[in-house]
Amino acid sequence: MRALPIAVTVLAAALALTSCDDSGGSTAKTDKTTKSSSTDCRIDKVGIEVGPANAAPAAGDTGNVPVTLTNRDSTCTLKGFPGLEVQAGDDSTHIAPEKSANPVKLTLAKGDTATFTLTYVRGTKGDAKTFDAQTLRISLPGATATQDFKWSYGPVAGKSEAADLNASVSPFQHAGD
């Protein structure tokens with residue numbers, strides 16, 4: 001008969017501990033999420049340098065546009081891919097991340113740099129599958145703020161139409177890696 005009260009007591013204690021763990025775990029996850037988002041690099045706190053590019057000289061050639069970010073503020077993190085769009089007047093289209101790339105989380109102290117590369121195929125001006133880019137718009141993960149840069153590397157080829165560009169962007173990497 002004593003076994004039953006002890007079993008009930010143990011079960012009640014286990015439930016109480018599980019309840020505390022769930023609550024504490026949930027709070028800890030929320031704190032981590034808040035903390036990590038508050039340490040994300042912000043576009044207004046980094047210097048951005050586009051190029052010098054290895055521009056595609058003729059239609060069908062591949063070009064590379066390196067972009068360097070320099071952290072000008074306190075330590076921050078980057079993970080994933082930058083958001084990139086090219087624009088022509090009121091039209092814009094997104095540049096997709098490299099499909100086979102595996103991004104890593106980078107921590108940048110003040111003064112540290114990271115890079116990414118935009119790779120594109122030059123299109124033929126006037127072709128229906130070509131996007132005549134004039135502006136490159138850059139954003140950082142988890143943010144909506146952007147910075148615009150002049151695109152001077154010629155039209156970008158489309159795969160099946162101009163909205164589906166033959167271009168991709170690499171994940172962030174520490175500069176010099």
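1. What volume does the largest pocket have? Its volume is about 160 Å³. A pocket is defined on a 1 Å grid over the protein atoms alone, as an open set of points where a 1.4 Å probe fits, with protein on both sides within 12 Å along at least five of seven lines. Grid points are joined across faces, edges and corners, and the volume is the space filled by probe spheres set on the points.

2. The model is a predicted one: local features need pLDDT of at least 70 and side-chain atom pairs count only at pLDDT 80 or more, while totals for chains, interfaces and linings use all residues. Residues are numbered from 1 along each chain as its sequence is written, and side-chain values use heavy atoms, with hydrogens and water left out.

3. The pocket is lined by 13 residues, of which Ala-96, Lys-159, Leu-165, Ala-167 and Ser-168 are the closest to its centre; a lining residue has an atom within 4 Å of a point. Strand 5 (91–97) and strand 12 each supply at least two lining residues, and strand 5 gives the most, with four. By type, the lining divides into six nonpolar, three polar and four charged residues. Here Ala, Val, Leu, Ile, Met, Phe, Trp, Tyr, Cys and Pro count as nonpolar, Asp, Glu, Lys and Arg as charged, and the others, Gly among them, as polar.

4. Of the contacts (heavy atoms within 4.5 Å) between residues at least 6 apart in sequence, 75% join residues at least 24 apart.

5. Buried residues make up 32% of the 177 residues, where buried means under 20% relative accessible area (1.4 Å probe, protein chains only). The largest nonpolar core holds 35 residues, and Tyr-120, Ile-138 and Trp-151 touch the most other members. Such a core is a set of buried Ala, Val, Leu, Ile, Met, Phe, Trp, Tyr and Cys residues joined through side-chain atoms within 4.5 Å. Strand 7 (113–121) is among the strands that each supply at least two residues of this core, and strand 7 gives the most, with four.

6. Where does Ile-43 lie? Ile-43 is in the loop between helix 1 and strand 1, and is buried, with a relative accessible area of 6%. Its C-alpha atom is separated by 8.7 Å from that of Ile-138, 95 residues apart along the chain. Leaving aside neighbours within four places in sequence, the contacts of Ile-138 include Ile-43, Ile-48, Val-67 and Phe-116.

7. The structure holds one disulfide, meaning a pair of cysteine sulfur atoms within 2.5 Å. Cys-41 and Cys-76 form this bond, with their sulfur atoms 2.0 Å apart. Cys-41 lies in the loop between helix 1 (3–38) and strand 1, and Cys-76 in strand 3, so the pair ties together parts 35 residues apart in sequence. The torsion about the S-S bond is about 80°, so the disulfide is right-handed. Both Cys-41 and Cys-76 are buried.

8. Asn-71, in strand 2, is buried, with a relative accessible area of 2%. Not counting residues up to four places away in sequence, Asn-71 touches residues including Cys-76, Leu-108 and Asp-112.

Note on methods:
Buried means under 20% relative accessible area, exposed over 50%, partly exposed in between (1.4 Å probe, protein chains only).
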